[in-house]
Amino acid sequence: MENAVLAKGTTFQPAANLVKIIEKESGQPISRCYQCKKCSAGCPVAPMADLHTNEVIRLVQIGDTERLLNSNRIWLCLSCKTCQARCPNGIDTSAVIDVLKGMALEQSRKPAEAKIPAFYKSFMDAVNMTGRLYELGMIGLYKMRTKTYTEDMGLGIEMIKRGKLKFLPEKVKNLNQVKEIFRKGREKK
Amino acid sequence: MKVGYYPGCSLHSTAADYGLSTEAVCRQMNIELAEIPDWNCCGATPAHSTNEFLAKALPLRNLVLAEGTGLDLVVPCTGCYNVCRQTHGFINRGSAKAHDVNGTVASIVGKKYQGQLKIMHLLEFFSQDEIMGDLKTRVIRPLTGLRVVPYYGCLMMRPAEDVAFDDPEQPQKLDRMLETLGAEVKPWSYKMDCCGGSFAIPKADIVTDLTGELVKQAKRAGAEAMVTACPLCQANIDTRQANSGMPILYFTELIAAALGLPEQNSWLAKHISDPRPLLKSHELI
Ligand code: SF4
Ligand code: SF4
């Protein structure tokens, strides 16, 4: 089957239960969408993303997992919730996208925007280490993952000069509690 | 007056200016900020983008600790505020998932979240009649002639049912605050548009597009400075505005200026786009 929203050269293998799974996981009434596109009209990353917000919802309805999980759109969502605020049917597309990001990570897919999940992972690893975000540590992890060692060097130095990036991390006293929360998080996901 | 205070990670680092000015203004106004003992990072966007359980459990530990103090909770960071309030709403809606997360966190921290905590954004806290009234009497250097646009950003009022403390499309509280301080508040259509803060590091190109547009529109509206109540917005626009020189001020910094506090240099010097020439030209510092 060919149509305008399918990736070139892909055969459409509809996952009939995708909409049910994602409605349950995200808590969003996806079936109610009538493609009014109000969500897309307000989306700040619409010009850069390969799918419009309303198309994400449509592709979930018809079960095109491939197109969704390989798109850059799921990573480019800023979670600004403009779509949620504007939808006349009470659908929060960013919550749907969060579930799609989780699915893509679980299936270890190569993300269309690799730096964004690398940033998320570095951020969470840094929080797991000390319980609070240690920015320099997080930036170090991120740079190793993405090999972007020189990017923003000048800015980093300006921030350090102004005391806005600290050399030493702050630690939560009951760090074992935070670590235990992270351990449960790995179990549950 | 004494309130619980959750500064969040950024007020101790990239938003040290917000933290210092908030503490100084509160000291001056006899508001005691009692920092939540042993708080942790709320997880912010990276948590809800990657792990649903962590997105709720990390803020929940803070809510349990805050509830234990018996004080209302004030949160200056819009990102943290959003996450705290969304978690509070999630627990109080009482789904099976909510019970599960609350039970798991209780088994680790020792107490369940009862859902009774009053959580306020710092701007909401300052906008209360009693505090605004007090503030008015304390203004000794009104910001007369300073042309500003209020910038609320995306997370302060959305999702409305959990977090909004003002109109979710046309909020006014920051406008009122700036008027109270005597500034000239310029109308513009971008007060709620997203600045791209969560991509400040991994997608600087997208962010520069978004912040560039905001600064351009602020200038077009006739503003000399943008005023925010969010450390993510401030850091993002301040560092990614391609040398356009627009000062991005925290509302607490302008309160401090209007109250004539002596130690303003200690936070104003931390900005990348230096606001001091502008404030000097209006004889505010
Ligand atoms: S705003 Fe809501 S109903 Fe309209 S297209 Fe978007 S998701 Fe569908
Ligand atoms: S939350 Fe994501 S999809 Fe929705 S408007 Fe913002 S960037 Fe677009």
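This is a predicted model: local features need pLDDT of at least 70, side-chain atom pairs count only at pLDDT 80 or more; totals for chains, interfaces and linings use all residues.
Start with chain B. Its secondary structure consists of 15 helices and eight strands. The radius of gyration is 19 Å, close to the 19 Å that the globule rule gives for 285 residues, so chain B is as compact as a globular protein of that length. Along the principal axes, the C-alpha atoms of chain B fill a box of roughly 55 × 45 × 30 Å.

Now look at how chain B is packed. Of its 285 residues, 63% are buried. Take the contacts in chain B with a separation of 6 or more: 74% of them join residues 24 or more positions apart.

Where does B:Val25 sit? B:Val25 belongs to helix H2 of chain B, which spans residues 16-28. Is B:Val25 buried or exposed? Its relative accessible area is 0%, under the 20% cut-off, so B:Val25 is buried. Which residues does B:Val25 contact, leaving aside its neighbours within four places in sequence? They are B:Phe126, B:Thr252, B:Ile255, B:Ala256, B:Leu259 and B:Leu261. B:Asp129 is 104 residues away from B:Val25 in sequence. In space, the two are 17 Å apart, C-alpha to C-alpha.

Next comes B:Trp267. This residue is in helix H14 of chain B, residues 265-268. Its relative accessibility is 1%, and B:Trp267 therefore counts as buried, since the cut-off is under 20%. Residues up to four places away in sequence are again set aside. B:Trp267 then touches B:Asp17, B:Leu20, B:Ser21, B:Ala24, B:Glu253 and B:Ala256. B:Trp267 and B:Gly212 are 55 residues apart along the chain, and their C-alpha atoms are separated by 24 Å.

B:Ser127 lies between helix H7 (122-126) and helix H8 (129-138) of chain B. Not counting residues up to four places away in sequence, B:Ser127 touches B:Met132 and B:Lys173.

Turn now to chain A. How many helices and strands does chain A have? There are eleven helices and zero strands. Read from the N terminus, the elements run α-α-α-α-α-α-α-α-α-α-α. The C-alpha atoms of chain A fill a box of roughly 55 × 35 × 35 Å along the principal axes.

Chain A has 189 residues, and 50% of them count as buried. Among the contacts in chain A with a separation of 6 or more, 65% are between residues 24 or more positions apart. The accessible surface of chain A is about 9400 Å². Carbon and sulfur atoms hold 56% of that surface. Chain A has 32 positive and 19 negative charges, and their mean positions are 4 Å apart.

One residue shows the inside of chain A. A:Val60 is part of helix H3, residues 53-62. Its relative accessibility is 0%, under the 20% cut-off, so A:Val60 counts as buried. Beyond residues up to four places away in sequence, A:Val60 touches A:Leu18, A:Val19, A:Ile22, A:Ile30, A:Leu68 and A:Val96. A:Gln84 is 24 residues from A:Val60 in sequence, and 17 Å from A:Val60 in space, C-alpha to C-alpha.

The contact takes 56 residues from chain B and 58 residues from chain A. Between them, the chains bury about 5000 Å². Of this buried area, 63% is on carbon and sulfur atoms. Which three residues supply more than any other three of the area that chain B buries against chain A? They are B:Ile108, B:Phe199 and B:Ile201, which supply 12% of that area.

Note on methods: Residues are numbered from 1 along each chain as its sequence is written. Chains are lettered from A and ligands numbered from 1 in the order in which they are written. Side-chain values use heavy atoms; hydrogens and water are left out. Helices (H or I, at least four residues) and strands (E, at least two) are DSSP runs, numbered from the N terminus. The radius of gyration is taken over C-alpha atoms; the globule rule is 2.2 Å times the number of residues to the power 0.38. Buried means under 20% relative accessible area, exposed over 50%, partly exposed in between (1.4 Å probe, protein chains only). Contact means heavy atoms within 4.5 Å. Buried area is the accessible area (1.4 Å probe) that two parts lose on being put together, summed over both. Accessible areas come from the Shrake-Rupley method with a 1.4 Å probe; for residues, only the protein chains shown count as cover. Lys and Arg count as positive and Asp and Glu as negative; His and the chain ends are not counted. The place of a charge is taken as NZ of Lys, CZ of Arg, CG of Asp or CD of Glu.
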